[in-house]
Amino acid sequence: MNPGDRVRVERADQTYEGVLLPSSTTDHLVVKLEGGYNVGVDREDADVDVLETEVYDIETGETGDSSVVEFDPDLPTIALISTGGTIASTVDYRTGAVTAQFDAEDVLRAVPDLAGRANYRGRVVANILSENMTPDVWQDLARAVYEEIEAGADGVVVMHGTDTMQFTASALSFMLDTPVPVVFTGSQRSADRPSSDNVMNAVCAVEAAKADAAEVMVCMHATESDDACALHRGTRVRKNHTSRRDAFETVGAKPLGEVEYGDDEVTVSFRGEARSASEDSSGRSPRDYAERGETDLDIAPDLESDVELLKFTPGMDESALDVAEGKAGLVLEGTGLGHVHSDWTDRIAELVDAGTTVVMTSQCIEGRVCDRVYDTGRDLLDAGVVEGEDMLPGTAKVKLMWALANGEDPATTVREPIAGEITDRSVPWE
């Protein structure tokens, strides 16, 4: 039997019929079932009957270490940078777990729909699941994106695990001034599943990287259907569902735009108007996105990683603040307008006096911090707490890390809009 044969595999009381696929080990058989799922079976314990030979012509991938992509001078060049994650993953049939192991060229082979849309340069910065992401990798990634743009890339697509994508997108939003789109994308479901979102997300991300908005964006399914991807600003996006394909949402605003995904055409559109470099770039401009080519490429990759994020809940002892002892920064997720128990105020003041920058955000999904309404909030301001406006707590942590390394007065820098992370007003937007 050979890959491409249709087989029946019997093991114990289970019977599987499907197409035999190449296996990464000699100890396992891999069979693609009719429903689209793959199953791995121990070869030693299985009885196999070949029902039909050479049903499919399956390439084993043993012809070389990398793919060759022909250059078309009429197409833009998109840099594909891989950090790992489900979009660049496969199934380890020894354990049944999804593991990150594809490099950028493998993604091109796995997503043939990308062909003819652009010229591609592949680059691997990391090969990790996103829960293993660190600020050091953010810095490596920012430098890689900078180098690709400096070398002439017309856009960049970063393939990233979804669990911490919002943090990395925020980090690059602060570290980079970019004249071209930088688009993060990932996959909620691995490529071996019939409901995988990897192909559509990858295609939409490439089209967004060719478009006019020179922003750091996250491109993921807009709905559960395969009809459109939303383009979220990197500092305003949050993963709001563990497993749905439309897990990502823009908080406190509408997405920057969307990519309509059709059988014959993929169309990118943005809300509002472009904001040129001559206009207010603080995020307070009525225009909605930075225009391609209007911003000079620059990088400020330094980060102060000694920053903690702490969520307050009723009944927490103030000793929870010990996590910030000696730290450069602390972001608090307070209740409502930005509150913690009154007993915490003196301990917070001690941290501030010792040199820790303390920023208050809200654990509410929308709205902004205002510690001037109640006595508790006023006491926190007197203790030296910095109001985090309407920043998402995760974004506030990343921004504080960047502000401590790059701002002369971190408290002031935290409150200044830099990459759309702070909106002018908190108002209903639906």
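**Figure 1. Residue E389 in the loop between strand 25 (386-387) and helix 7 of the predicted model.** E389 counts as buried because its relative accessibility is 15%, and buried means under 20%.

**Figure 2. Residue A12 in the loop between strand 1 (6-11) and strand 2 (14-21).** A12 also is not a glycine, yet has a positive phi of about 55°. With a relative accessibility of 77%, A12 counts as exposed, the term used for values over 50%.

**Figure 3. The largest nonpolar core, with 45 residues.** Within this core, the residues that touch the most other members are V145, L172, V182 and F184. At least two residues each come from strand 6 (77-82), helix 2 (135-150), strand 10 (155-159), helix 3 (165-175), strand 12 (182-185), strand 13 (216-221) and helix 7 (393-406). Helix 2 gives the most, namely seven residues.

**Figure 4. Surroundings of V182.** When neighbours within four places in sequence are left aside, V182 is in contact with V145, I149, V156, V158, L172, E215, V216 and M217. Another core, of 28 residues, lies apart from the largest one; A202, A208, A213 and L231 are among its members.

**Figure 5. Residue T356 in the loop between helix 5 (345-353) and strand 24 (357-362).** T356 counts as buried, since its relative accessibility is 4%. Apart from neighbours within four places in sequence, T356 is in contact with A324, K327, A328, G329, L330 and L351.

Methods. Residues numbered from 1 in each chain as written. Predicted model: local features only at pLDDT ≥ 70, side-chain atom pairs only at ≥ 80, totals over all residues. Heavy atoms only, no water. Core = buried A, V, L, I, M, F, W, Y, C linked by side-chain atoms within 4.5 Å. Buried < 20%, exposed > 50% of the residue type's maximum accessible area, 1.4 Å probe, protein only. Helix = DSSP H or I, 4+ residues; strand = E, 2+ residues; numbered from the N terminus. Contact = heavy atoms within 4.5 Å.
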